[in-house]
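Trainee: Could we go through this structure together? I would like to begin with how charged side chains pair up.

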Amino acid sequence: MLKLYNSLSRQKETFKPITPGKVNMYVCGMTVYDLCHVGHARVMVVFDVVTRYLRASGYDVTYVRNITDIDDKIIKRAAENNETIQALTERFIAEMHQDADALGVLKPDQEPKATESMTEILNMIETLIDKGFAYAADNGDVYYDVSEFATYGKLSGRHLDELRAGERVAVNEAKTDPLDFVLWKAAKEDEPAWESPWGNGRPGWHIECSAMSAHCLGEHFDIHGGGQDLQFPHHENEIAQSEGAHDCQSVNYWMHNGFVRIDDEKMSKSLGNFFTVREVLALYPAEAVRYFILSSHYRSPLNYAEDQLEQAKAALTRFYTSLRDIKPQAGVQWQEDKEFGSRFKEAMDDDFNTALGLSVMADVRQALNKTRENDEHEKTSYLAGLLLSFGDVLGLFQQDADAFLVGDIASDDESANIDALVAERDQAREDKNWSRADEIRDQLTDMGIVLEDAAGKTSWRRG
């Protein structure tokens with residue numbers, strides 16, 4: 001029975017979809033004005049695995065991840081680059097997709113954009129005004145009146161009086177309460193704008209997700225996810241908007257992944273420890289980065305450090321080394337395995353505990369190595385197929401073992417040269433010419449090649 005931690009109730013709950021066998025999930029996506037950073041990578045990978053596991057568990061999943069393609073940062077960056085907003089956003093949407101593909105992230109079923117959702121946004125704002133939850137200010141903006149939503153703060157656990165402490169209303173402030181947030185921004189010179197009943201303008205950030213999630217999944221859906229940094233105020237405001245407009249609970253389960261830290265410090269451009277996905281992938285294989293993300297529970301802080309990435313790369317290398325030169329049994333379904341499969345299910349059913357799931361997979365790898373040493377070919381083939389079946393859930397082992405271990409940077413000539421040196425070393429060992437064998441090993445080591453001697457056979461891989 002799947003249990004997941006609900007940020008709204010602050011406890012693990014048994015998952016019960018609104019419609020049996022069907023799951024509707026919305027995750028806040030990227031604001032596309034720059035390359036994705038490692039925090040974005042974590043969100044993409046975490047909810048990709050949630051989707052994969054739900055589907056592997058028999059659910060029909062509709063996964064929606066939005067794109068914010070209009071906001072202050074986008075407008076500012078386009079002006080700095082002297083390019084149109086559309087050119088900027090289309091470029092970074094393509095870059096985002098490239099990073100997601102590299103990390104093995106499946107495409108969401110729907111990927112709505114804010115600029116293509118204006119009808120839904122305007123309709124929701126009108127509904128909120130009609131119901132007394134919002135008001136049009138004299139400056140042309142439209143604001144949500146938080147005092148009208150009785151349970152404001154229920155997601156974050158903050159109360160209005162606490163939030164107001166220390167707040168000051170700015171001079172000429174159009175809001176009636178400093179906590180009121182903008183739904184519609186009046187047009188400014190040289191900024192994009194859309195027509196509305198309150199004058200030309202553009203939407204506030206929070207209203208976009210409420211409108212897009214309701215349009216794609218309905219007024220009440222199963223799971224809403226995103227990074228922990230979005231819990232307040234973004235998701236708090238989403239609840240106020242959606243439930244105010246629709247007179248019903250908007251989401252049953254709120255999921256938030258933990259922060260990413262860099263060498264135990266908060267990731268920040270000002271600290272100089274801000275890394276894009278592209279920068280990380282230049283140093284480490286994409287699948288190793290994915291393994292690193294999954295090696296911690298999604299709600300825990302994730303500490304990005306060189307030694308952590310190296311450990312993930314080494315662990316993944318051990319898996320691929322065990323899978324090398326084995327023909328996996330086709331059609332193995334981990335759900336049918338009573339030993340390892342049941343343990344993996346227990347781990348993943350406990351709030352998607354991928355760290356424990358990887359531990360189960362490591363036990364499978366050890367069992368595989370043992371059957372391989374004992375020449376139990378049928379068992380070895382089955383266990384290899386079982387590992388690949390687990391890998392499909394976590395998005396791992398998606399490459400041929402040789403391709404991962406050798407790497408695609410080796411040219412045919414370079415590979416042939418390495419193969420020749422390995423063969424020469426094997427012959428030297430057979431002739432008991434140990435000095436020559438050691439000399440060749442040192443030469444290959446200097447080339448960044450690691451030799452592995454097992455079962456009377458020598459294989460090589462990149463270091």
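This is a predicted model: local features need pLDDT of at least 70, side-chain atom pairs count only at pLDDT 80 or more; totals for chains, interfaces and linings use all residues.

Trainee: Which residue meets Lys107 in a salt bridge?

Mentor: Lys107 pairs with Asp101, and the N to O distance is 3.5 Å.

Trainee: Which residues do salt bridges with shared partners join into one network?

Mentor: That network consists of Asp34, Lys76, Arg77 and Glu80.

Trainee: What does Arg77 do with Asp34?

Mentor: The side chains of Arg77 and Asp34 form a salt bridge, at 3.4 Å from N to O. Arg77 belongs to helix α2 (residues 72-81), while Asp34 sits in the loop between β3 (22-27) and α1 (38-56), so this pair ties together parts that are 43 residues apart in sequence. Asp34 itself is partly exposed, its relative accessible area being 26%.

Trainee: And how far apart are the closest N and O atoms of Glu80 and Arg77?

Mentor: They are 3.5 Å apart, and the two residues form a salt bridge. Glu80 and Arg77 are three residues apart in helix α2, so about one helical turn separates them. Glu80 is partly exposed, with a relative accessible area of 49%.

Trainee: How many salt bridges does the structure hold?

Mentor: It holds 23 salt bridges.

Trainee: How many positive and negative side chains are there?

Mentor: The chain carries 49 positive and 80 negative side chains, and the centres of those two sets lie 5 Å apart.

Trainee: Where on the surface does negative charge gather, then? Which residues are in the patch?

Mentor: The patch is formed by Asp263, Asp264, Glu265, Glu306, Asp307 and Glu310. Helix α10 (residues 306-323) contributes its largest share, three residues. Glu265 lies in strand β12 (residues 265-266), and this residue is partly exposed, with a relative accessible area of 44%.

Trainee: Changing topic: what are the overall dimensions and secondary structure?

Mentor: The C-alpha trace spans about 90 × 50 × 35 Å along its principal axes. The chain contains 16 helices and 15 strands. Of its 463 residues, 51% are buried. The chain exposes about 21,700 Å², of which carbon and sulfur atoms supply 47%.

Trainee: What share of the contacts join residues at least 24 apart?

Mentor: The share is 74%, taken among contacts between residues at least 6 apart in sequence.

Trainee: How many residues of helix α9 are buried?

Mentor: Nine of the nine residues in helix α9 (residues 286-294) are buried, so the helix is largely enclosed by the rest of the structure. Among them are the charged residues Glu287 and Arg290, along with Tyr291 and Phe292.

Trainee: Which helix holds Ala245, and what is it in contact with?

Mentor: Ala245 is in helix α7 (residues 231-246). Apart from neighbours within four places in sequence, Ala245 is in contact with Met124, Thr127, Leu128 and Lys131. Ala245 has 6% relative accessibility, and therefore counts as buried.

Trainee: How far is Ala245 from Asp402?

Mentor: Their C-alpha atoms are 55 Å apart in space, and the two residues are 157 apart in sequence.

Trainee: Back to the backbone: which kind of peptide bond runs from Phe232 to Pro233?

Mentor: That bond is cis, with omega near 5°. Pro233 is also part of helix α7.

Trainee: What is phi for Arg10 and for Lys432?

Mentor: Phi of Arg10 is near 60°, a positive value in a residue other than glycine. Arg10 is located in the loop between β1 (3-6) and β2 (11-14) and is partly exposed at 41% relative accessibility. For Lys432, phi is likewise near 60°. Lys432 occupies the loop between α15 (412-430) and α16 (434-446) and is exposed, with a relative accessible area of 61%.

Technical notes
Residues are numbered from 1 along each chain as its sequence is written. Side-chain values use heavy atoms; hydrogens and water are left out. Patches are made of residues with over 30% relative accessible area and no salt bridge: like charges are joined within 9 Å, nonpolar side chains (Val, Leu, Ile, Met, Phe, Trp, Tyr) within 5 Å. Accessible areas come from the Shrake-Rupley method with a 1.4 Å probe; for residues, only the protein chains shown count as cover. A salt bridge is a side-chain nitrogen of Lys or Arg within 4 Å of a carboxyl oxygen of Asp or Glu. The place of a charge is taken as NZ of Lys, CZ of Arg, CG of Asp or CD of Glu. Helices (H or I, at least four residues) and strands (E, at least two) are DSSP runs, numbered from the N terminus. Buried means under 20% relative accessible area, exposed over 50%, partly exposed in between (1.4 Å probe, protein chains only). Contact means heavy atoms within 4.5 Å.
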